[in-house]
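Thanks for coming, everyone. I'll keep this short. Please look at the structure on the screen first.

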Amino acid sequence: MISIGCTSWGDHHSLYEGVSAKDKLKVYSEHFPIVEVDASFYAVQPKKNYEKWAEETPESFGFIVKAYQGMTGHNKEEDPYFSTEKEMFEAFVDSIEPLLHAGKLRAVLCQFPPWFDCQRPNVEKLKRCRELLGDLPCALELRHQSWFDPKFREKTLAFMKEQQWIHTVCDEPQAGEGSIPIVPEATHPDRTLVRLHGRNKEGWTFKGENWREVRCLYRYSEEELQEWAKRLQFLSRQSKHVDVAFNNNSGGDAADNAKRMIQILGIEYDGLAPTQLGFF
């Protein structure tokens, strides 16, 4: 089963003509069966948010929840909100309980920073992170090129399998050490996550004030989507579920690209409003 959606639900202007902000998730879920929650990276969300989001979406809808930035080492200094690592993880796990209760949690996405390279202390950090998240389905996104260097690639994938990490397969600009190649290999029999960031090389490394507006400014071409359709079909033979999140949101291209991918693959999802299926 291939489920296609986008990261966040607020940025896809082509979906929301005349729609108020409070109704955007409900409308989004009429178009796509999954979404990635990005707000959870910046702050551990209150339970009431997840309760609301679960109530607003169809029974079959799924959430990929991005782990809080302190959990994955993006905060280089001590976290101001939690006194211990254990407390931080426990607060995060407790916050997403409404999604677990509703059967709507697809995965916790642990995206590690681009400076998190392949060395022994970081391997131990991954083990500790996986242990603290317990039995939750956990997707791992590595961003430093060293993990997939030819001498480490197979060991990295074997480690993910051993630790029961869901592999996050990425498409992103090839812009030095802080970017990884496409590695279309599943590490978990139940699920694989695919994140499509676009291929804007200059935007990917841009350090200016408005870097968020240009980092994922990219529209996938028909040829690129066709290539990815083949990869998704390949991955679907390795994992029971393949979740795909288009993250090229900067210019509002993610929703259009995601819809086109659904059409290329000839997928129709149960639970979507029938009038939306033809909007390609």
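One term before we start: buried means under 20% relative accessible area, exposed means over 50%, and partly exposed is in between, with a 1.4 Å probe and protein chains only. What you see is a predicted model, where local features need pLDDT of at least 70 and side-chain atom pairs count only at pLDDT 80 or more, while totals for chains, interfaces and linings use all residues. Residues are numbered from 1 along each chain as its sequence is written, and side-chain values use heavy atoms, with hydrogens and water left out.

Let me begin with helix α11. Helices (H or I, at least four residues) and strands (E, at least two) are DSSP runs, numbered from the N terminus. Helix α11 has twelve residues. From first C-alpha to last, α11 reaches 17 Å, close to the 16 Å expected. That expected span is 1.5 Å times one less than the number of residues.

Which residues of α11 are buried? They are Ala 254, Ala 255, Asn 257, Ala 258, Lys 259, Met 261, Ile 262 and Leu 265. And what covers them? The cover includes β1 (2-7), α10 and β8 (241-246). Contact here means heavy atoms within 4.5 Å. Just after α11, Gly 266 takes a positive phi of about 65°.

Now the sheet. Eight strands form a closed barrel, running β1-β2-β3-β4-β5-β6-β7-β8, with parallel pairing. On average, neighbouring strands of this sheet are turned by 25° against each other, direction ignored. For that angle, axes are lines fitted to C-alpha atoms, for helices over the stretch in contact, and angles run from 0 to 180 degrees between N-to-C directions. Two strands pair if DSSP finds at least two bridges between them.

Take β3 as the example. Strand β2 (residues 34-37) pairs with β3 (residues 62-66) in the parallel sense, over four bridges. Ile 34 has Gly 62 as its bridge partner in β3. Val 35 stands opposite Phe 63. On to β4 (residues 105-111): four bridges join β3 to this strand, again running parallel. There, Phe 63 has Leu 105 as its bridge partner.

Is β3 covered or open? Mostly covered: five of its five residues are buried. Gly 62, Ile 64 and Lys 66 are buried on one side, Phe 63 and Val 65 on the other.

Last topic: charges. Side chains of opposite charge can pair when their charged atoms come close. I call it a salt bridge when a side-chain nitrogen of Lys or Arg is within 4 Å of a carboxyl oxygen of Asp or Glu. By this rule the count is 21 salt bridges.

Back to α11 for one of them. Arg 260 forms a salt bridge with Glu 222, the closest N and O atoms being 2.6 Å apart. Glu 222 lies in helix α10 (residues 222-236) and Arg 260 in helix α11 (residues 254-265), so this pair ties together parts 38 residues apart in sequence. Both ends are partly exposed: Glu 222 at 35% relative accessible area, Arg 260 at 25%.

There is also a network. Arg 153, Glu 154, Lys 161 and Glu 185 are joined by salt bridges that share partners. Within it, Arg 153 meets Glu 154 at 3.4 Å, N to O. Arg 153 is partly exposed, at 27%. Lys 161 bridges to Glu 185, with closest N and O atoms 3.7 Å apart. That pair links distant parts of the chain: Lys 161 sits in helix α7 (residues 153-163), and Glu 185 in the loop between β6 (166-171) and β7 (191-196), 24 residues apart. Lys 161 is partly exposed too, at 43%.
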